Amino acid sequence: LPKFIEAPASVPADHAAELTAGLLARPAHVSPKHLYDALGCRLFEAITALPEYQATRTEAAIFAAQGPEIARALGTGLTLVDLGAGNCAKAASLFGLLQPGHYVAVDIAAGFIRDALQALQLRHPQLPMTGVALDFSQSLALPAALEAGPRLMFYPGSSIGNFEPAQARRFLQQVREQSQGGALLIGVDLVKPLAQLLPAYDDALGVTAAFNRNLLLHVNRQLGSDFDPADWAHLACFDPEASRIEMHLRATRDLQVRWDGHRRDFAAGATIHTENSYKYRIEQFDELLHEAGWRSTRCWTDERQGFAVFGARA
Ligand code: AVJ
């Protein structure tokens with residue numbers, strides 16, 4: 001069985017105060033990390049298979065086409081630290097190329113990665129694996145119990161897009177410190193025409209809507225609140241100034257929500273902001289990496305320049 005470390009900061013009680021503050025704020029907001037309970041992880045997997053959502057497929061195509069060159073640029077045999085590992089499938093597909101000496105899967109969804117890692121260990125019995133249940137949205141501090149570096153920090157899928165650019169810079173600095181003199185492999189979704197951007201977050205089947213509304217069920221479980229997802233509509237829009245997709249939930253009628261001595265009234269049309277997903281230009285993200293102290297940056301992209309994979313050294 002893989003080792004498993006549950007970091008104290010991932011205890012659900014820690015989320016309650018943060019959730020309450022966000023739900024009482026005007027306008028209300030909830031961090032996108034709350035999209036990822038076990039069902040949310042599965043709905044996100046379904047999103048990655050949607051025709052409108054190209055990011056995951058494009059990233060996989062970049063790895064498939066340029067994998068050997070990526071591995072040469074970054075080096076092999078490092079500890080592979082998978083930030084937001086989810087089902088661990090992306091990292092597992094790179095084991096052959098990157099030849100990690102140790103695989104560390106980090107995710108906020110403790111049960112989900114525990115299961116994913118157990119299944120993966122059966123397919124790779126020789127590779128030492130460690131699961132870390134950790135919420136790194138505020139700061140990244142890997143458990144001291146992990147063996148010392150150098151580490152290849154792997155942050156695929158454009159999850160970096162959930163951070164405001166200033167927070168992204170700070171986070172990338174922390175990732176560099178935690179790499180212990182290693183390297184970075186990160187996926188970034190690029191700015192593209194609105195006609196491609198928006199449908200990726202408002203798909204015809206309503207999977208993204210279900211993903212967004214499921215956040216309310218996860219919040220109910222954590223807070224004991226009484227959100228009814230049926231009262232909320234999915235909303236996605238692009239802010240060209242900020243270069244970000246925003247997801248919101250919009251109340252479809254006047255309603256009240258109660259939890260733990262609190263009450264929030266939402267008028268019909270009131271919203272809860274649930275996610276930002278920043279889209280970068282290649283030069284802009286390269287600059288961000290350098291500001292965070294990374295050097296020897298490399299960039300691999302697809303023909304249409306829809307998505308970019310960056311490599312860098314600490
Ligand atoms: C996992 C944060 C990269 O922003 O595209 C997908 C999450 N939200 N559809 C993204 C998401 C709505 C996704 N990231």
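Is aspartate 260 buried or exposed, and how many C-beta neighbours does aspartate 260 have inside 10 Å?

A: This is a predicted model, in which local features need pLDDT of at least 70, side-chain atom pairs count only at pLDDT 80 or more, and totals for chains, interfaces and linings use all residues. Residues are numbered from 1 along each chain as its sequence is written.

Aspartate 260 counts as exposed, because 10 C-beta neighbours lie inside 10 Å. By definition, a residue is buried if 20 or more other C-beta atoms lie within 10 Å of its own, exposed if 12 or fewer, and partly exposed in between, with C-beta atoms placed from the backbone. Aspartate 260 sits in the loop between β10 (255-259) and β11 (262-266); helices (H or I, at least four residues) and strands (E, at least two) are DSSP runs, numbered from the N terminus. Although aspartate 260 is not a glycine, its phi is positive, at about 45°.

Most residues other than glycine have a negative phi, and most peptide bonds are trans.

A positive phi, near 45°, is also found at glutamine 99, again a residue other than glycine. Glutamine 99 belongs to the loop between α4 (89-98) and β4 (102-107). Glutamine 99 counts as partly exposed because it has 14 C-beta neighbours inside 10 Å.

The backbone also has cis peptide bonds. One runs from arginine 26 to proline 27, with omega near -5°, and proline 27 lies in the loop between α1 (13-24) and β2 (28-29). Another joins glycine 149 and proline 150, with omega about 0°; proline 150 is in the loop between β5 (129-133) and β6 (151-155).
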